[in-house]
Every structure is written in structure tokens, then in C-alpha cells.
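Reader: Got a model to go through. Can we talk pockets?
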Amino acid sequence: MTGIVYARETALTVDDYIAVLADSALGPTRPLGDRERIERMLAGANFIVTAREDGVCIGLARCMTDFSWACYCAELAVRSSHQGRGIGTEIIRTCTTLLGDEVAFNLFSTPWSASYYESLGPKLGFKQPHAAFYIPRTRGV
Ligand SMILES: CC(C)(COP(=O)(O)OP(=O)(O)OC[C@H]1O[C@@H](n2cnc3c(N)ncnc32)[C@H](O)[C@@H]1OP(=O)(O)O)[C@@H](O)C(=O)NCCC(=O)NCCS
């Protein structure tokens with residue numbers, strides 16, 4: 001896919017993050033109206049990979065990792081106008097390539113994206129855990 005640059009970014013702006021998330025189905029599930037919280041979400045994420053077309057951020061994965069064992073992807077989102085063109089797949093591939101073969105790439109799927117990750121199983125190696133557990137946040141969206 002020519003013209004699209006996939007790269008790790010260390011200074012993604014709040015505006016870019018909000019613009020991409022707001023233009024995806026993940027928008028209502030994130031506190032986009034609370035810029036200070038988004039700032040903290042970006043400052044605390046130590047591994048962010050974006051897709052940019054002509055400099056415009058069109059997709060991103062915001063992750064936390066130790067670069068040695070595990071990576072947790074908190075959001076994968078592609079602007080609605082650019083979905084279905086392989087960009088999400090390429091963002092994940094860029095993440096796993098940069099992380100290397102010692103690091104597992106983990107995420108929780110939204111209900112409407114589970115079939116996406118299932119379909120990527122053979123291509124990227126996604127597996128479904130036997131069981132996953134989490135304690136939900138109780139404040140904010
Ligand atoms: C999910 C998402 C990141 C996928 O990114 P994308 O760039 O649209 O996906 P790709 O183009 O790489 O898709 C690759 C394949 O998955 C399919 N696919 C895309 N979204 C899908 C979905 N929600 N369900 C099932 N299959 C899907 C595509 O049709 C494509 O199939 P093909 O290779 O046979 O043509 C993107 O659609 C998105 O931002 N969705 C809203 C936010 C979201 O739900 N994020 C996931 C949170 S866990």
C-alpha cells in the first residue's frame with residue numbers, strides 16, 4: 001500500500017488521537033471529551049504506532065509494553081473513510097515487527113470486531129485465550 005507510512009510515534013498529539021477515535025466506532029467508548037485524561041492516556045502509553053497518509057493520521061494502535069514479554073493494545077482504530085483497505089492489519093503487523101518475537105501482542109476485542117481478529121488469525125497468528133479476566137474501571141466511560 002503506497003503512500004501510507006506506518007511508524008512508531010513518541011509524541012502523538014491529543015488532537016490526532018481524538019480525530020481518529022472520533023471517526024471510528026471506538027469513539028463513544030473513550031473519554032474523548034476529557035482532554036486532560038486523554039493526555040494522561042497518551043503520556044502513559046509507551047508504544048504507539050500510527051498510519052499516516054500525506055502526514056494525516058488515519059489510524060493508530062495505542063499500547064503499553066515492557067518490550068520483553070507482553071504488549072497490551074488498548075486501542076486499534078482506523079478512520080471510517082479508510083477502513084477495509086488493510087490499514088488495521090498493517091498497523092498490527094508493524095507493531096509485532098517492531099516488538100519482535102519475544103513479545104506477545106494482547107488485546108480485548110470489542111464485540112463488533114471479534115470476527116475481524118478471528119479472520120486475521122491465520123494471517124497474523126491471533127489466538128483466543130482459554131479464559132480472560134478483568135476488573136472494569138468504575139469511573140468515566
Ligand atoms: C477494526 C479496524 C481497526 C480494522 O481496521 P481496517 O483497516 O478496517 O481493517 P483491514 O482493512 O485491515 O481488514 C482486514 C480484513 O478484515 C475485515 N474486517 C474489517 N473490519 C471487520 C470487522 N469489524 N469485522 C469483521 N471483519 C472485518 C476486512 O473486510 C478485511 O477482510 P479481507 O482481507 O478479506 O478483505 C477498523 O475497522 C476500526 O477502526 N473499527 C472501529 C474501531 C474498532 O472497533 N476497533 C477495534 C477495537 S478492538
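Author: Terms to start: helices (H or I, at least four residues) and strands (E, at least two) are DSSP runs, numbered from the N terminus. On a 1 Å grid over the protein atoms alone, a pocket is an open set of points where a 1.4 Å probe fits, with protein on both sides within 12 Å along at least five of seven lines; lining residues have an atom within 4 Å of a point.

Reader: What kind of model is it?
Author: This is a predicted model: local features need pLDDT of at least 70, side-chain atom pairs count only at pLDDT 80 or more, and totals for chains, interfaces and linings use all residues. Residues are numbered from 1 along each chain as its sequence is written.

Reader: What volume does the largest pocket have?
Author: About 1,100 Å³. Volume here is the space filled by probe spheres set on the points, with grid points joined across faces, edges and corners.

Reader: Which residues are closest to its centre?
Author: L26, R30, A74, F108 and T110, out of 40 lining residues.

Reader: Which element gives the most to that lining?
Author: β4, with seven residues. β4 spans 70-78; α2 (35-43) and β3 (56-65) are among the others that supply at least two.

Reader: And the second largest pocket, what volume?
Author: About 690 Å³. Its 23 lining residues include L107, F126, K127, Q128 and P129, the closest to the centre.

How values were computed
Side-chain values use heavy atoms; hydrogens and water are left out.
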